[in-house]
Structures are given as structure tokens and as C-alpha cells.
Amino acid sequence: SVKPESISVTKVNSGDGTMNLILTSTASGKSATRNYTFNVSDSTGQNPHVLFTKTVPFAGSMAIPGNSWSPDNKYVFLSEKDTTGKENFLVFQASGANFAQEQKYLDVGAKFTEKVKNYTLRDATGWAAPTLRIVYTSDGQGSKGPSYWFDIQSQKFIQLSG
């Protein structure tokens, strides 16, 4: 028998309440995948635009992390878990505009692996400033590593002391 389609909707407001980030996920019983669509609109639901869509296997997932909106509402972070459970983070311009080189989003995990050696990305949560996302790491044994700021404008990681 064919399972019915299931739909779930998650909405996260910006810190000042003027913008919405809406995730609609649709799973079909016919395939082993789930489709994720992220939309941005103002708080009244006006002027919506599709920010990103992606289809992933059921073993993976996508979500809107807490504190996803930058303090100035210019950027949003999305999280993605691959089929092994490894988490990654993608940053978008809320307007839907591309970054340099026509990049739709910045892949924080790929940039971290490319620029920071000896540690793995564990979490990206909170904002230190409108363009600085706080990133936590682990060392090779799974213990807590140093914390960083990910600077969206320069696309660099700045290690925090302590």
C-alpha cells in the first residue's frame, strides 16, 4: 500500500519579529526522500520568496536552527544532517541574493574543513555581530575544541581565546 504524503511546517521569526523563515517539508510514501522548501517573508506573510529547496534521503534532514536570523535580518542559517548524522550549516542572504561567484549559499562545513585543520565543526549557534556566527568545534577524540567566529563577509574563521 502507498503511504500518504506528510507535510510539516516550521516558522521562525527574526529577533525583531519583522521577518519569517518558513520551512515546509514534504515526505512521500512513494520514495525514501523528503523535500525541504525554505521561504522568507515579512511578518505579515507578504512578499514571500523561495530561499532554497532540497530533496534529501529520509536518513538525512534539514532544519532551521534556533537563532537562525542575523541581528540585522540580512542572513539566515540552515542546518543539514547527512545520512550519517553529521551536521553542517548553510548561510544565505535573506533577500535571496547570491554571494560572490554566484554562490547561492555559503557551506560553512566545507569552508571550515578547508581552512581549519585538526578540528571538526560541532555546532554553529548564536551571533556575535550581524556578520559573525559563533562556531564550536571538537578535536579528533571528540572532546571540545576551540570556538570560532565565522565571518560571513570575509568567509574566514577567527579563533576565540580561552
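This is a walk through the model, one selection at a time.

Before clicking, know that this is a predicted model, where local features need pLDDT of at least 70 and side-chain atom pairs count only at pLDDT 80 or more, while totals for chains, interfaces and linings use all residues. Residues are numbered from 1 along each chain as its sequence is written, and side-chain values use heavy atoms, with hydrogens and water left out.

**Stop 1: Asn20**

Select Asn20, in strand β2 (residues 19-27). Strands here are DSSP runs of E with at least two residues, helices are runs of H or I with at least four, and both are numbered from the N terminus. Is Asn20 buried or exposed? Asn20 is buried, at a relative accessible area of 3%. The scale: buried is under 20% relative accessible area, exposed is over 50%, and partly exposed is in between, with a 1.4 Å probe and protein chains only.

Now show what surrounds Asn20. Setting aside residues up to four places away in sequence, Asn20 touches Lys11, Val12, Asn13, Asn39, Val40, Ser41, Asp42, Ser43, Gly45 and Trp69; contact means heavy atoms within 4.5 Å. Zoom in on Asp42: its backbone oxygen is 3.1 Å from a polar atom of the Asn20 side chain.

**Stop 2: Val50**

Jump to Val50, in strand β4. Val50 is partly exposed, with a relative accessible area of 47%. Not counting residues up to four places away in sequence, Val50 touches Thr37, Phe38 and Asn39. For a distance check, pick the C-alpha atoms of Val50 and Lys30: they are 20 residues apart along the chain and separated by 25 Å.

**Stop 3: the aromatic rings**

Colour the aromatics next. Rings of Phe, Tyr and Trp (its six-membered ring) pair if their centres lie within 6.5 Å; planes under 30 degrees apart are stacked, over 60 edge-to-face, and the rest tilted. The count by this rule is ten aromatic pairs. Take Phe52 and Tyr105, an edge-to-face pair at 5.4 Å centre to centre with 75 degrees between the planes. Phe52 lies in strand β4 (residues 49-57) and Tyr105 in the loop between β7 (87-93) and β8 (106-107), so the pair ties together parts 53 residues apart in sequence. Phe52 is buried at 11% relative accessible area, whereas Tyr105 is partly exposed at 28%.

Going back to Phe52, select Phe38, Phe92 and Tyr105 with it: the four form one aromatic cluster.

**Stop 4: a charge over a ring**

Centre on Phe77. Arg133 lies over its face, 4.4 Å from the ring centre. The test asks for NZ of Lys or CZ of Arg within 6 Å of the ring centre and within 35 degrees of the ring normal.

**Stop 5: the nonpolar cores**

A nonpolar core is a set of buried Ala, Val, Leu, Ile, Met, Phe, Trp, Tyr and Cys residues joined through side-chain atoms within 4.5 Å. Which residues have the most contacts inside the largest core? This core has 17 residues, and the answer is Phe77, Val91, Val108, Val135, Phe150, Ile152 and Phe157. At least two residues each come from β6 (75-81), β7, α1 (108-115), β9 and β11 (144-151). Of these, β9 gives the most, with three residues.

Apart from this core lies another, of 16 residues, including Leu23, Phe38, Val40 and Trp69.

**Stop 6: strands and hairpin**

Switch to cartoon. Two strands pair if DSSP finds at least two bridges between them. Strands β9 (residues 120-129) and β10 (residues 132-138) pair antiparallel over six bridges, and a hairpin joins β9 to β10 through two residues. Leu121 has Thr137 in β10 as its bridge partner.

Then find the open sheet of four strands, in the order β5-β6-β7-β8 with antiparallel pairing. Its edge strands are β5 (61-63) and β8, each pairing on one side only. Two bridges join β7 to β8, and Leu90 stands opposite Asp107 in β8.

**Stop 7: two positive phi angles**

Most residues other than glycine have a negative phi. Glu102, in the loop between β7 and β8, has phi near 55 degrees, a positive value; Glu102 is exposed at 63% relative accessibility. Finish at Asn118, in the loop between α1 and β9, where phi is near 75 degrees. Asn118 is exposed too, with a relative accessible area of 70%.

Notes. A polar contact is a pair of N or O atoms within 3.5 Å; within protein, one must be able to donate a hydrogen and the other to accept it, and residues adjacent in sequence count only if both atoms are side-chain atoms.
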